[in-house]
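Student: I would like to go through this model term by term. Please set each value against its cut-off.

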Amino acid sequence: MFPQEFYDCDGCINDADGDGVCDELEVLGCTDNAACNFDINATEDDGSCLNLDACGVCGGDNSTCSGCTNPDADNYDATAIIDDGSCIISGCTNPAADNYNPEANNDDGSCIISGCTNPAADNYDPAANNDDGSCIISGCTNPAADNYDPAANNDDGSCIISGCTNPNAENYNPEANNDDGSCVATGCTYPGADNYD
């Protein structure tokens, strides 16, 4: 039985919210029966109602069940049900690499970049770490040339072949492009002869 001093003949003397419960007798608490902290004895809602978070914690922040939910991640948490964006996926993060992994966010140094790794080549790629046999080395590729370059695989027309360049000589060398004065002529060498050559 409520104390009579709060009532008069018309009911509550003080009932600011008009709910029939005298102000002095109001019980503050959560009046939402869907809330996890619902107070069956509360007559006046005090704004304290809380809901369960995804982890089942009343008024929680999901932190007790958050983590990395990607099984491929280095820090995968099998107990996590909410991904918090903390996943660390190691791999190659360079889009130019042969083994680029678009999901990786932690470069582990495994990138393979194919190309020419020979600094002497025309198409040397300083970023390449896997030689794919594409190197182009210009130079003289003729083993008979004076300036033959055994490393060259692209003949640039620079070969110098010394020899006799006179077609009338006995030792004419059709490949020679640099006359070395070695030509041997045939014919009469006597200046007074009719057929002096």
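**Values against definitions**

Tutor: A polar atom of the D53 side chain lies 2.9 Å from the backbone nitrogen of N62. The model is predicted: local features need pLDDT of at least 70, side-chain atom pairs count only at pLDDT 80 or more, and totals for chains, interfaces and linings use all residues. Numbering starts from 1 along each chain as its sequence is written, and side-chain values use heavy atoms, without hydrogens and water.

Student: What makes the pair of D53 and the backbone nitrogen of N62 a polar contact?

Tutor: A polar contact is a pair of N or O atoms within 3.5 Å; within protein, one must be able to donate a hydrogen and the other to accept it, and residues adjacent in sequence count only if both atoms are side-chain atoms. The distance here is 2.9 Å. The backbone nitrogen of D61 lies 3.3 Å from a polar atom of the D53 side chain.

Student: Why is D53 called buried?

Tutor: Buried means under 20% relative accessible area, exposed over 50%, and partly exposed in between, with a 1.4 Å probe and protein chains only. D53 has 12% relative accessibility, so it counts as buried.

Student: How do you know that C30 and C49 form a disulfide?

Tutor: The rule asks for a pair of cysteine sulfur atoms within 2.5 Å. The sulfur atoms of C30 and C49 are 2.0 Å apart. By this rule the count comes to nine disulfides.

Student: Why is the disulfide of C30 and C49 called right-handed?

Tutor: The torsion about its S-S bond is about 105°, so the disulfide is right-handed. C30 lies in the loop between β3 (28-29) and β4, and C49 in the loop between β4 and β5, so the pair ties together parts 19 residues apart in sequence. Strands are DSSP runs of E, at least two residues, and helices runs of H or I, at least four, numbered from the N terminus.

Student: Are C30 and C49 buried or partly exposed?

Tutor: C30 has 1% relative accessibility, so it counts as buried. C49 has 26%, so it counts as partly exposed.

Student: How many helices and strands does the protein have?

Tutor: Zero helices and 14 strands.

Student: Why is the protein called more spread out than a compact globule?

Tutor: Its radius of gyration is 48 Å, well over the 16 Å that the globule rule gives for 197 residues, so it is more spread out than a compact globule. The radius is taken over C-alpha atoms; the rule is 2.2 Å times the number of residues to the power 0.38. The C-alpha atoms fill a box of roughly 165 × 30 × 15 Å along the principal axes.
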